Structure formats: C-alpha cells, structure tokens
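This briefing concerns the interface between two protein chains. Please consult the sequence and the structure shown below while reading.

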Amino acid sequence: QDRTITGTVTAKDDGTPLPGVSITIKGNKVGTQTNLDGRYSIQVPLNSSELVFSYVGFISKTAIIKGSTVNVVLESDSRALSEVVVTGYGTQKRDEFTGSSAKVSGDVLKDRPIQSFGQGLTGQAAGVNIIQPNGVLNNPPVIRVRGFNSISLSSFPLIVVDGIPIVSGDVSPNNAANNTLGDINPSDIESIDILKDAASTSIYGSRGAAGVLIITTKKGKQGQAKVNLDSWFGITNPTRLPDILNASEYIAYKNEAVLNSKISGGNAANPAVASALFFPINNPDGSIVDTRWYDEVYREAYSQNHSLSISGATDKTTYYFSAGLSDQDGFIKRNNFKRNTARFNVNQKVTDWLKFVGNINITNSKNEAPNTGSLPGQAFGTSGLGRLAVLTAPNVYAVNPDGSYNISSANLVGQGNNLSQSGFTNAAAILDLNTFTSESNRILATVGTTINLVKGLTLTSNYSVDKITTESISFSSPVHGDGFTVQGEAANYLGNRNNWNWSSSLNYNKTFATKHNVDALVGYEAQEFTTRNWGGLRQQVADPFFNDYQGNYTLNQPPVGNAIGQRAFAAVFTRLNYNYGGKYFVTANLRRDGNSTLAAGRKYGNFGGVSAGWLISEEGFFKNSKLSDNISKIRIKGSYGVVGNGNLPSDFGSNFLFGSGLYGASSTLVFAQAGNTELQWETSKQTNIGLDLGFLNDRISFEATYFKNNIDGLILDAPQSPSKGIPGNTILQNIGSMYNQGIELGINASILEKGKFKWNANINYTNVKNEVTSLATGNADIAGVTSLETANITRVGYSVGSINAVKTAGINPDNGRRIFINKAGQMVQYQHVNLTGQSRWTFMDGSIAPAITLADAQIQGSAIPKWYGGFNNNFSYGRLDLGLQFTYSGGNVIYNGSQAGLRDQRFWNNQTDVLRRWTTPGQITDIPRPIFGDNVSNGSAFPIDANVEDGDFLRLSNATLGYKLPTNLLTKAKIGSVRIYASVNNAFLITNYTGSDPETSTNGNSNLAPGVERNSVPQGRTFTFGLNVGF
Amino acid sequence: CDKEILSPVSETAISDANAFDTPTRIEQQINGLYSTLKSGQFYGGRYLIYNDIRGEEFINRLDNLVTGKAVWSLNVESGRDEVNNLWATAYSTINRVNVFLKGLDDNAAKIDPTLLASYRGEAKLIRALTYYSLLQLYAKPFTLDNGASLGVPLRLLPESTGANNDLVRSTVAQVYTQILLDLNEAEPGLPSTYSTALLNTTRAHKNTAIALKTRVYLTMGRYADVITEGNKLVPAVAPYRAPTGVLHQLQASVATPYTNYTTVESIMSMPMTDANPPGTQNQLGYYFNKAGSGFGNGEYYLNTASAGILNNPLWPATDARKTNFITVSGGQSYLIKYNKTSPFADYVPVIRYAEVLLNLAEANARTSVTPSLRAIALLNAVRQRSDATYNFDPTNLATPAALINTILTERRIELIGEGFRSIDLLRTNQTIPGKISPTEPVNAVAPTEKAYIWPIPINEIRTNTLIVPN
C-alpha cells in the first residue's frame, strides 16, 4: 500500500524554492523531482520511512516521513563543487583522485576588477604563485605551479579551456599588452582545476611539466531558466609612488653635486668648469615652476564591467548563454582595456546513447597603452613613462604657459634655465601624440559527441578550433618622442593564430564483484598551431594631419614582424583508475607524445605516472575506533611520474638554418641558427606524497603534501663562448638539471556557524626550494638580463635567476665615498671625478685599486619566493557578507633597480632619501657624497647590494562587503535575488620593501631574470561597487 | 598524417643542407659575410664610433650609456654591452667566414674556379679585417712589445655545435701573422676589378687587400712593408692614382665621397640603403650630426679645448674639410660628414685612398733620416685637395719627427669620424688625452693603465675557461 507525500523544497540561504531537486525513497529506486515552484509529490510504500533529497551544489538531506507533508530546506554546499576534480580527458571524485590538484571556484573571479582570470588566482591555491608584473592593463601575470620548472623554456603552466590547450602570453608587438587569456570572460568560468603533480599532468605529456590549469566554463542547470546580471564600477589610483624631490630641492641638490664634481676634479678655480647647472624658472604668477610629473602620467581611472547570462536545462538539453562587456581604464593615462564577449555552451542528449556538446566563445578585446616602459625588454627605454615620471627635472614645464609642449629641438624635454639636459622626452607630449593599440578577434569553439557503445563503454570525440586575429597599430609622432628622428612613424602588424585540436577517447567504467571499480581510458589527440604574422612600417609622415598607417609617408620601410610558425603535437594516451571498495585507489597514466619542434628521430617521448591512495577512514577498524568520533576522514596518497617539457621558444629550434637578408641592395644568406640533431624532451620526474584529514564531519579539512620535482636533461639555451661566433651565442641542448622540493599545507574550515553568523576560512601555505644542480658544459653561469643590466645569475648550487650584485660596505665616513667589496673581499672606494692622474677606484689607504666590475658581483639571494600562500575568509551575517583575501609571500630578495635610477647623479631627479647624503667628515649615512655624473655609486653602472631588498610581504588583496536585498521585496518585482557590494582590491600592503611593489616583475615571465624591478609603473588600488542580480 | 604535421619545414629560412646548393646561394653567402661585417654593432657604425670617441676629438653631450658614454669616458667594464656586442659581432663574422670556407671546399665543384678563388679571397679578407679590428680594442698595441702581449682567441675552424668553448688567447703577434697570411692568400685570388663601381666599393678586390695591408703594417710599425704595399697603389710622383686594378685616386672635392659613395676614392665602404640601414642608435649620422628633425641626435660634438683637433692651428677655417663637414648648432660644433636623415643610409667608409696616401707618407717619413720628400708630397696631396693654396709652415716639416707629427695631425683632420683616432694613439703608444664634458671631466689614460684598452667581455670569461681577462 502506497501513500502520497507532498512538500516544498527551499534553499536555506534565501528561502527561494528549488526546482529540479531529486527525491528518492531510501532503499528504493523510485524517485521524482521538484517542479518549478519547488513542489513535489511522490508515492511511498508503507514500509519506507525516509526520503533522500539531493541537488547539485547542495548538501543532500535525508528526511524522516512524518505525516503526508515533508518540507525540506537544503543548505548550499560550498564544498560540493570541489568534490569533483577535472582531470585531463575526464573527471574524478576528489576522494578517488590520488594525484595532486587544487580547485578554485569561478565565484572568486567574477566580481574582481581584473582582465584575465590568472590575476584573480593569487593566494587561492597551495603551490600556485602568481605575480602581477606591473599595473599595465592586460599584461600577462606570471604563474608558477610549484616553482620554476624550466630555465630556457617557459615555466608558464599549460592552459586548457573546456578540453582544448590554448596559447598563452602577450600577442601584441607594441606597447599595448594583449594577453590572450584576457579573451576569456572571468564571469563565464565555473571552476579552475590546477593539476600539480606528474601523475596528474602526464596525461598532457609534453606540455604538463609546469602544471596544467583546466578551465571549465559554466553549464546550465536543471530547472527553471536562470538569468544573472553581474555589474561593477571601479575607481583605480596608483599606489606607492616614490617621494621625489620638488623643484627647489632638485635645484639645490643637483648643484651641490655639480660643485662637488668641480672641487673633486681640482677645478675649484677653473672658470671653464661650471659651479651650478640648475636654475629655476618662474610661472607667470611669479612662483617657481614645480612640475609634478606624476600628474602628467597617472590619473584616477574609472572602469565598468557587465555580464549577463541565461542558463538552464531540461532533461535533454543544457544551455548557457552569456554576453560580457568590460571597459577598464588604467591609472596610467591612455591605458584602456575593452572586451566584448559572447559565449554559448550547449549539451544535447539525442538518444539514450548519443550526446552532442557544442561551445562557442567569441571575443573582441582591444587594448590601448602608451609606452609605459614596463613590458619585458622595455626597462631602459628613454620614453618609458614609468621612468619619465620620476627622473624628469621638476623645475621645467611640462606644457608651456602658451599651451605648447616644453620640448627642445633636440627631442628632449625643454631644459628651461638649466644648463644641463633635464630629462629624456616630455611625458606629456608623448602621451598625447603617440598611439599604441592591439585588438584581437577570437573564436574558440568546440563540437563533440559522446556515444554510449555498450553499458559502461563510452566513446568521446571533440574537435576544437581557436582562431585569433590580432591587429596591432602604432603611431609615433614626428613632433616629439620616439618618432622624432624618423620624422613620424606608423607600424601596423597583423597576426593570425590558428589552433585546432582533435581528441578522441574510449572510456570503460565498470564495477566487478561489487568492490572492484575500474575506469579505463584510451585516447588519441592531435593538435596543430600555426602562426602567420606580417607588418608594415612607414616613416617620414608627409603631413602632420596623418596619424594612421594609411596616411601618406615619404619612406616605406621593409616589412616588419614577418613570421611563419608551425608546431604540432600528436599523442596516444591511456589511463586506468582502479579502486577496491572505495578504500584503495590506484591510477596509472601513460602518454606517448610527439612534438614537431624536437630533432628528427627524437620527436616522440613516453610520459606517465602512477598514483595510489588509501582512504583509511573507510576501513572498519577505523570506523570502530574512537578516532572516528572526531576525525571524519584520513587519507594518504602518493604518486610518481615523468612528464616532459618541449615548449621550445622556436618552432624550428632543432634545425640548422641559414637566414636571408640584405647587404645594401643585394640579398644575402647567412648562418643564422645552430640547431641540434639530438634535441629531445626535457623530463621532469615528480614525486608527491599527501595526507588528507577531515575533522567534525569534514567541517575542517586539512591537506599536507610533500613534493619533489627532479628536472633532468633541461633544454638549455646553452651559452657558447662568444668567440665561437655561434648565432645568438647559444645552442639548445639537453643539458643541466635542477629540482623543486617543498611542502604545501591547506586548511579549509567552517570555523563558526552560530545563528545567522557564519565564518568560513581557508589558509594555504607553500614552501618551495629550487636548486640548479648542473648546467651546460663546465657549469657556466647563465646571466639574466634586464635590457641593459644584468642583475640575475643562474648558477649551480643556487636557485634559478638568483640576484647577483656587487657587495658594498656603506659609505666611508671620512670622505663620503661608496665602499665596494671586490671578488677578493677587499674594500675599494669610488669617487667619480678626481684630480688628473688619480684613480676613481682606490683601496682604503688611497692606493690605486682595480676597477670593480660585474665580475666582482656575488649572489645575494633567491629571486624566487621560498614561501607563499593565501588566507581567505568569508563571513556572513544574515544578508550581509564580508570576504577578506590575504596573500603573503617571502624568503626572496628583489633587485630594486628603480632605486638605482632614483639615486642616479646624472640630471635624473632623485628620491627624497638622497637628502641624507654624506656632507661632513665623520658622518655615518647610506647615501654617498653626490658628484654630478656619478652613475656608479648608486648602482646604475652595475647592480649593487644596496639596491637588493627583502621581498617579504602581506597584502590584503581583496576585501568585499556585500548585502543581499530581502526576498519579499524582490518577489513582488519578480526578481530572484539582488546582492550589492563594495570591494577594494590591493587594499593594503605590509612590507619592508621600499620599491613600488614586491610583486613587480620587470622581465615578465622570464625564468632567468625574475625578481627585478626596473623603471616599471607601480600597481593600482581599485575600489569597486557592484551588483549581482538573479531572475 | 602525423609524420607530416610533426615535421614542418621553415618557410622563411633555408636549411644548412641546402645553403650551398646553387651558385646564387653561394654568392648570397658572400654578401652575407659582408652584411655581418656591416652590422651596426661593427663596421655599420659602432666600431668606427668607438674608435673616434675614445679619443679627444669629441665631447659626449647626452650622458647616455647606450650611445657610448662609458666608452667616451674610458670607463668600460667587462659587462658593458659595447664590449660584449662588438666582440660577439666580430666573432660571428669570423665564424660565418669559417663556415663559408668549409662549405666552399665541400661544394667547390658547383662554381667556376676563378669565382671560387675570388670568394675565398673575399672571405679571408673579411676575416683579416675582423681580427685586425678586434686587436685594436681588446689587445695592447703590437708596437708596445712586438706583439708579445695577449691578443684574442684565434678561431679558424667552423663552429656549429656545443664543443670547443675553451680556447686560449693567441698573442698579438700570432694574430697579426694570421691576418697577414689571410691577406696575402686573398690578394692573388681576388679580381682586379668588378663590373660596376658599386661592386668595386662594396666587395673586396686586389687593391682592397693591398690597401688593407698598408694599414696593418702601419699599425704594426713595419714601415718598410707599408712602403712595399703602398707602392703597388701609389705611383712615385703625382698625379697619385693606382696604376692597376681599380684606378683609385682622390676626388677633386673632399665632399664627393660622402655623397657619391662609389667613386674610386672609396676603396671599401659598407653600402647602406633605406631598406638596409645601420639600425637604431648605431648610425654615424645619428651620433655625430647635430640634433634636430631631419638631422641626427647630436650625441657627440667637437671638442673646442686645445687638445681637440677642431681648434688646432693646422686646421684653418679655409679648409674644405671644415667648411664642408663642420656645422655649429646650439653653440657646439658638429661633424656632418654623414648627412643623411633617418634611417641614416650614409655609406660607411672603411678604406679610402686618402688613408693609403697618409699611411705611405708616414711610413716614408718614419724610415727616412731626413724629412722624406715623398712623404711631404703625399701629405700635400691630401691637404691641398681641401685647401689648394695651403702651404705648411716649414717648421712643421723640418725634421722627421716634425713631419711625422704633421702627418699624424693631418690624419686627425682627414679621417675624423672614420674610426682612426684611438688606433693612431695606441699604435704610437701615446697617452689618451683627457677631456671635459659639461657633466664629467675625463682624465687622460696612459698606456700603462688598464683603461687603455677594453676588457675581455664577461660573456667570454663566463664560457671560455681558458680566456685570460685584460
């Protein structure tokens, strides 16, 4: 005899009815679903007493049947999402997954004032370190999974979007950074899974050595169609600009240096040598001109971002459609990022055994930026705004009273009454006159099918295309700046990147004899990337009216930026997951991967790994022990795997090539690349041991992991003796080795849940040690170059790209000279200008010393943080919510090259700390006696340890306060939910580092020259105000 | 399908296996050797600039390290780009020569034997000029100790693998021996002339090898050999004009070779076109010409102090080299020998007939116990081309020493901006004079001081364990 039970299912959070909740009778297969109003009705046999309610994203609930009405409130499960790990070519339940991975929910990203998802991952996952190189919009963040995983190849992880590996990096050839990952609307991201150990990444074979980020975009969920609108407005200002001298301080200080130079050179009585070079000019109102160049370069900037999505599902069709619009201004003038996106994800069940999926993402993103001097390779440009803002003399005009730019006929900022050069170019003029943009149009689409061949056996096949067309435009005015000498210049570039991928796999899933669970996969994948770039360069603009490439110019230069690239991968792979009774787990992966860039006969490599886990808490002995009262989960797991890296910088890196060029009007052919007929995979052997604990019914979970990655046969751009004359002085060779070793700890806890108050927190900590164990023949050091300066060295026994600088020993109190320590440990002092016949370099007794050079430099410390992590808190009280995301990092040193510039004794303006310079015998200070022209004592000629600083910091990277409007108000307006919030990004920074930001990376993604700040623009602080609306 | 997609072939570069396939490609490779020599880091500009600005003729205006400030102030250390880039470019030239010579041997059957000999000669001449140039910056002068000092590593075999990083420095004398061997082997194989004036200026022929030998011998202080070689190009009496091969002679106006680049005065020059210029911040015109739109960048102006040549009494205002090549802007005097606007496609002079005349004059003066009349005649030929009525004060010619001095001064005037000043100071073991810029006084540097020559680059020190630093 059956009875009918009815009821309503609602969400605990906001009391809204939940449609599509599945209801089953315990111990019975019969079930039903709630309707659109959250109501259900079910026939229940008399002998059944319990109903089970389950719904994606909510904690399942078992209710005892009392009477004929059973109303249930379901609680959303913040961990539900994390219970599934997206692995390569499949998914696994977290408890069954025995490799190492971290998961970040898309919710963390969607309301942040960022351009690409990578920027929002800072501090979110153990083992993942992310750096924003500077405040220029949409320049790629530096992402490192478990340390630096290569030396000459990229250490950037592989990015996989809905199953397709995509290109990453900056595709703009000009000043406007254009990160391809910025083409993906962060609001469309459901989750990001970060695979960290070889046992997990080896399914990606050649490309997984630096970790894999798997992006899964949103899908519709069963039930009523959902419409979501997310909007925010933001205000950004620059932070931590150095305090620099004002006009009168500048004049006094520089003239003191000029006079010191005159005296030290024995020219005190020589009228031919100037005693002062810097003089004020007066504004029309009689005050002295005191230009604040920061105001010419930086601004308060406003941004907005809107995303609208419609999603839903029936039992046959799942769909998600979204449109996004982002218009972000940077705090650097004329820096703007605009993105328009549309995405459509659909999933259609055709029959019981046939399913199709289709995704399409269309993006237009347009970047504009001036020459900030902050992208890799730009540090010493004389028109880099980061640098111009600090070094230009403050006692000259930016714009003259008559409205004209203050510029000289020699393409410099006008020097007013100064008798010396007073800057490089005029920042105000170049900002107005020059234009740099880079615009991408992109289609990323997948079509695929899943066929159930027989029970448990599924065939999946997906074909994807990713096509990016990038047009990059630059115009440099003939009036002033970089276009002056060439009398105006326009350069246009077109880049076409095509990427197709076809993968097919067979999956077999079966349980034998109730306890033997087997999940097996075999597959095939091929992928090809092609690049075709071309560009034009025109100079000598015919008329000031023209400022586009299409205008008229009198000189058409040879094409620029021409390149054709082609790179392909082909692989077969297999995976076997086995578990016994949900207690013992084993996974094995194998991939045979072919990579077109490697030498003929060495293109294929075999990669794979095994991992195993033991869920102790499922054992009878544990369940019966007292421990199980408090400990809800204990699991140990371990893995070992071999993964490759073949991401060569060049598509044809193994070939010996002759390049063609010009000798006057004749064509030439020259030996242009020394290849390597034996070039093969770089391999990384990775060990991972982990412990997972859950307490109090998993209210608190704890994860600890030890890892060691041994990287052998590193593909090094092995430095060759320049006297051999090898093109570029390097050959790609499988030489060298290093390791990364460390631990990761993570705690996830629902700390408090009392009435309306809830506090969830997670903290993660990573400690990683990198050490190079061998390099090219003779273990020759590899220099890490920052444009014109070498502040990093890669040396056996130290971490990659360690900071290398000449040691100093303060300022000689007797004479105010900087004391350097040479290689032999001797103190050598320096005076820039001396009497005829005297040396600049002397020992402390005054005898002549050999000049200090870069060869005297010593390693100052690791440029790579040794520890880092995040501390994320979510509080809620009724309708109020507060999120605090802290990030921290340290154990590294930073070469603050910008400080060398800020203390340079040429015409450069200086930081106010120079005011404590040495003036009197006996004075103890850290700033030498200024001598005009001195670029050695401050560290401009070669790096010195006085500009090396600790990089430890704690940052409140985001604080958000939100409020959900009461439901009763909304129901009348037929609106599901409304949340308003205010947040601040980069709220504060606690650090002893004196430069602009301890996360700066002037050399971007470089492995060889990390941890350098040199003339880059700082970071911004953004306040945002936003709205999330659900219908 | 796999095989194909995994073996893509570059569509923009040619495989080494096919680089010697056709006579055209071989000829393109010869041009490639010259184009490497012509790099902006080397003979396209910077090699000449460095040798000029080390001396006392120029004052640095912009304090820019990128444009040679440290070279000018005689304060370069082993990590500086100038030191590393020039070395690397020079050796890149040498290795390309070595690769080419080997490839030529392996593919000798593919071209005509005359052409083969000619190509070998050109390659060897380029190698000789490159080694000579390296010695002028990175080694002590031959004249100091007959070349006993350390020179540079002598690389004569092609390098394309990771082997052979270590190699000792040969002595200065050993390197000169190789330079002379190359030039003497080159001379017979080189053609007497080419089919066009352009080729006669931009590709080496017999007289190029001879002219270069006069420079090499002069630098070594082997004056008798300068005379032997010089006599092949200069008749005993005026009019001075090479008797065989390309008929080199001075142009009537000294300005001509700087606008018409392919006259017979230019024995060897690096050709430039708008499409193939020296490259940013390497161009002679950018450094020396006054700053301003349509001019250069005024990086260096002429030193007005008495040490500098500008106000030397032996250089009167009437001289065509002053009226043509010096301009005043913003109170400073600039050299405008190189007067093209951006991208500064002025040809770079490598060897001019005027230099040969002065080389020969000096050698004659130095080997004669009385003031050499031939030396005086050659000196006057150069001087009076630019100042027809000028007669040297007899005291300037009265003794061999005075005459030598006058010839050296004439070289400073005639060859200014062509990369000779530092070489002339060093080969005569003179102190490099001091100079004062508005921002920095630079002290004189004696031959005994380290700064007299450049350091061995740090990139070489890091990779070549046998190299001895300077």
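**The interface of chain B and chain A**

The side chains of B:E11 and A:R532 form a salt bridge at 3.7 Å, N to O; the term denotes a side-chain nitrogen of Lys or Arg within 4 Å of a carboxyl oxygen of Asp or Glu. The model is predicted: local features need pLDDT of at least 70 and side-chain atom pairs pLDDT 80 or more, while totals for chains, interfaces and linings use all residues. Residues are numbered from 1 along each chain as written, chains are lettered from A in the order written, and side-chain values use heavy atoms, without hydrogens and water.

**Extent**
- In chain B, 81 residues are in contact (heavy atoms within 4.5 Å) with 83 residues of chain A.
- About 6,800 Å² is buried between the chains, 56% of it from carbon and sulfur atoms; buried area is the accessible area (1.4 Å probe) lost on putting two parts together, summed over both.
- B:I5, B:L6 and B:R462 supply 11% of the area that chain B buries against chain A, more than any other three residues.

**Strand pairing**
- Strand β31 (residues 657–663) of chain A pairs with β1(B) in the antiparallel sense over two bridges; strands are DSSP runs of E of at least two residues, numbered from the N terminus, and pairing requires at least two DSSP bridges.
- Opposite A:F658 stands B:I14 in β1(B).

Note on methods:
Helix = DSSP H or I, 4+ residues; strand = E, 2+ residues; numbered from the N terminus.
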